[in-house]
Amino acid sequence: MNTENIKIVNLGAKWFYESFINQGIKNVFHLAWSPQGKSKKTYQLIEKFNSNKTLQHKVHCANVSVVEKLNSAEPFVVDIEQAYKVIPGMRKDLILHAGPPIEYEQMCGPMKGAILGAIVYEGLANDITEAEKKVLQKKIKFSPCHHHNTVGPMAGIVSASMPVWVVKNLKYGNYAYATINEGLGKVLRFGANSPEVLRRLKWIEKTLFPVLKKVIHLAVKNSHGINVKTLTSQALTMGDECHNRNVAATNLFLKEILPYLIELPISKKTFLEVVKFISSNPHFFLNISMAACKSTADVVEGTKYSSIIYTMARNGVEIGIRVAGLPKQWFTTTAGMPKGLYFSGYTEKDANPDLGDSTISEVCGIGAFAMAGSPAIVKFVGGSPDDAVKYTNEMYKITYGTHQTYLIPQFNFRGTPLGIDIIKIIQEGITPIINTGIAHKQPGIGQIGAGILYAPVDCFVQAFEKFVETYL
Amino acid sequence: MKNIIKPNCFYDSIFLMQLSEKLSSELSCKITLMMGTEANKMLLKEQGLLTSLGQNAKVNDLIICCPDNVNEGEILELITKHTFEQQPVSDVPTLQVDKDIYAVANLVSVSIPGEFVYYEVKKIIQKVKSQKIEPQKLLLNHKMCIFIFSDNVPIEEEVKLKQLAKKNNVLIMGPDCGTAIINGIGLGFANKVRTVYDTAGYKSGIGIISAGGTGLQAITSMIHNCGGVITQGIGTGSRDLSDKVGGVTTIESIKFLESDPTTKCIIIFSKQPSKKVVNKLVNYITAYCKKQYILSLIGFESNGQKKIKNVVFAETTEAAVEYALKHFGIKFKPTVVSKTEVEQVVRKLKKTKRKYVRGLYSGGSLCDEAMLVLKRYIGDVYSNTPLNPNYKIPSAWESCEHTIIDLGDDIYTRGKPHPMIDFSFRKERLLKEAQDKSVAVIMFDIVLGFGANPDPVKELLAVIKHAKKLCNNEILFCAVIVGTELDPQNVGYITKSFSKSGVLTFNSNVAMAKFVGEVVKNL
């Protein structure tokens, strides 16, 4: 039979594809189909948007300006201070958490564990049991970090006395905050709350914090503070993606502060303790980077007609996003489950759903979006460096621009994909890829692996529908 | 009954139907799997399978309906195991395929949920619009052919799609198009037949335009089985000749077949067409066409007119095929039952005091045609899809007097594969009819071809044997076999197997209906 010139696409059920193959036809391409979370209503709104040239033009202009603002940010570490002194709205009885708003009863294990640990740390209770009683008596209030110019990795718990990095976006004058990263293993951000964990937090407050505060003051005196953007762009060319891999960035940071550290009148013992603490924690830089991203993204909140997201965060139960053109509105859906590599003795069955504010990295064009430049990271998904390249390439399809400073050497120094656009997400049927750590679902155990996932599509569909309805 | 939700995944409905059956047998209880679309949730609700948990499921969530005692972990693991077989590549999120495939494709088969067809097909047409390509002879003089198997597409959307397609030189077959044979390639449920595209190099043949899937299958198989040749078998979708659609695809197809040098004559088949549209069609053909057109339109009254210029009205598919084959000097030979045989059968049945016929059809066109033929012998018959609305059976689940059932009716197929694939309901109903003491004859169709049930003999023979026992071998079983010797199931083997087990087999649906009519009339 002469069928060479017939080129068939089978859109939908695989059964039809097999039927073509059974007839001996070779030119058949099977295209699996899924609604990608879209309902009939979504499709109707896509139609309306696609036929409204005026709106498309307004959205385009708004998005171009948002990408420009994200690109021109100048995040500097300018101080380190206890939370209650700097974070807007911070109080003794308030605890901040990662992700979209959530009630204590609904929270996941690691987040509950971390909160109880923080209450004891603050001296509001003598032990974990008493801490829980306080919570159930509603004596403690909760609020998302994102509502207070703050971000927190994993459980993202911030309480009043915790020292936080103060990052200032020098270009726009706004501030953002994040705690000091505690290290790996049993740590509060993964829900651990044993005496050892709390002791480390106290050491951070009593020993590390005063030292770093003086270091930062010297840096500010010398050159406006620590330039986070420069460190990030260098680290990206050294194999970090600055979300799940911060080895190079942490070393660069240590190198940056060493001259100031040496100048300080502190004992050799303290000096050694501080240096050891930083250099033994390959994620030390993560929180600094997150605060820098937060100070970058907050600037675009409220840009009319912009369909670019300025928040993507998970609380371990739900993932939530916020869109520049729809300020302060969360769109949430059930958090996804990362696919990843587990520490020995743990499996996917032990894993908590996706957790943490660290996806602010992807929002600002690093993390999984910069994976092509971080081939070592793909071991988390059992993939090859080629996969890392594919993921980054795919993200260009759903972003509005590229980063001017964060460049990928093997893409001929093309910038990383920047400005996640909900309209492109809906039209392309692709959601942002996320790199993440994996917490045990029981409180107190800590990190059990790391992995990767596509953000669930539903929150983007809701945001898209609201966006078009708002501006149509 | 409980619901379990597997969030953020999507599987096509055919796969889920197969999986539902597999799981039901593995766990020995009824398991139903459906994606959480609004339409599906309504279906589950009607069947009493939806709980408040399932009610909240979204389009991307899989709803698992199962008895309370089913272990959640176990069933989720089984689903993971089976879906892994379906997508063997990896369980890491798959990267998107390049959608530009439509820039090179010229034949597209669409089988996605009906509510999304309009938007997806529109996107494809717009892609074609942006390409600078010429209409091609090999694509029925169009830039692209789109075959839409999906049903439940709103008729307004069908109209919009077909008009947009026409403007852009794209031919749309469907929606609700069960069968097509384009350039020798079978789409949907098609039979393997002789075409001018075979390497044997046949010079000319018959072109078919059909609004009915099994209608097209029956016509092409009959032509093939007599030694005739097909040029194209174009499916139009079941509503093409309705007032609203106005025969857009039919007229586009006529234009092509009229210009195609290999097509000698054309058969047009439809159930219940709009009178207005048929008149438009006849005017078009008589004004612009020179070839012979044979119109086989079930439920259309031509006011006694048999012929208008080059248009002939044939009452049945058999008559249409017979007329078309004459152009090639071929005589059509339907199965004949001799008068003495008929008398013998009548005598035997009379003794049992049984009176009524029950028909169980998997093909909608065949079902309508059988009722039309039977009407001449015994008047209107009851049905779930009667020709005369006064003869609708009060309950879809109970037959009364003479009843002919279309098993492809939505009421029977919701959440199940087409009755041409899945025989379970037909088997159930066959046994039920066999226990009715008033039933004299049970007639049914067996449709073969790509995509149809691969082994109807294995599926049905045991049930027929059991049914015969239930009625003390008093009921007469008749079957029409639609298919060819080239089909994977092989019509010869199927016919022989059923004949051996005491089923009277026919090569034409009309021949079977005539025989049954003659018998039942005399009871």
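Does Ser384(A) count as buried or exposed, and how many C-beta neighbours does Ser384(A) have inside 10 Å? With 12 such neighbours, Ser384(A) counts as exposed; a residue is exposed if 12 or fewer other C-beta atoms, placed from the backbone, lie within 10 Å of its own, buried if there are 20 or more, and partly exposed in between. Ser384(A) sits in the loop between helix H12 (360–363) and helix H13 (385–395) of chain A. From its C-alpha atom to that of Tyr17(A), 367 residues apart along the chain, the separation is 30 Å.

A word on what you are looking at: this is a predicted model, in which local features need pLDDT of at least 70 and side-chain atom pairs count only at pLDDT 80 or more, while totals for chains, interfaces and linings use all residues. Residues are numbered from 1 along each chain as its sequence is written, and chains are lettered from A and ligands numbered from 1 in the order in which they are written.

Let us take chain A as a whole. Chain A has 15 helices and 17 strands; these are DSSP runs, H or I of at least four residues for helices and E of at least two for strands, numbered from the N terminus. The radius of gyration of chain A is 23 Å, close to the 23 Å that the globule rule gives for 472 residues, so chain A is as compact as a globular protein of that length. Here the radius is taken over C-alpha atoms, and the rule is 2.2 Å times the number of residues to the power 0.38. Along the principal axes, the C-alpha atoms of chain A fill a box of roughly 85 × 45 × 45 Å. Buried residues account for 54% of the 472 residues.

Now turn to where the chains meet. Chain B brings 40 residues to the contact and chain A brings 43, with two residues in contact if their C-beta atoms, placed from the backbone, lie within 7 Å. On the chain B side, the elements that give two or more residues are helix H1 (13–27), strand E4 (107–111), helix H5 (114–129) and strand E8 (185–188). E4(B) gives the most, with 5 residues.

E4(B) also takes part in a sheet that draws on both chains. Its 5 strands form an open sheet in the order E2(A)-E1(A)-E4(B)-E5(B)-E6(B), with parallel pairing; strands pair if DSSP finds at least two bridges between them. Strand E2 (28–31) of chain A and strand E6 (170–173) of chain B stand at the edges, each with a single partner strand, so one side of each is left without a neighbour in the sheet. From one strand to the next, the twist averages 15°.

Which strand of chain A is joined to E4(B)? Strand E1 (residues 8–12) of chain A is, running parallel to E4(B) with 5 bridges, and Gly12(A) has Ser111(B) as its bridge partner. E4(B) also pairs in the parallel sense with strand E5 (residues 144–148) of chain B over 4 bridges, where Val108(B) stands opposite Ile146(B). H5(B) packs on the sheet, touching E1 of chain A together with E4, E5 and E6 of chain B, and its direction makes about 170° with that of E5(B). For such angles, axes are lines fitted to C-alpha atoms, for helices over the stretch in contact, and values run from 0 to 180 degrees between N-to-C directions.
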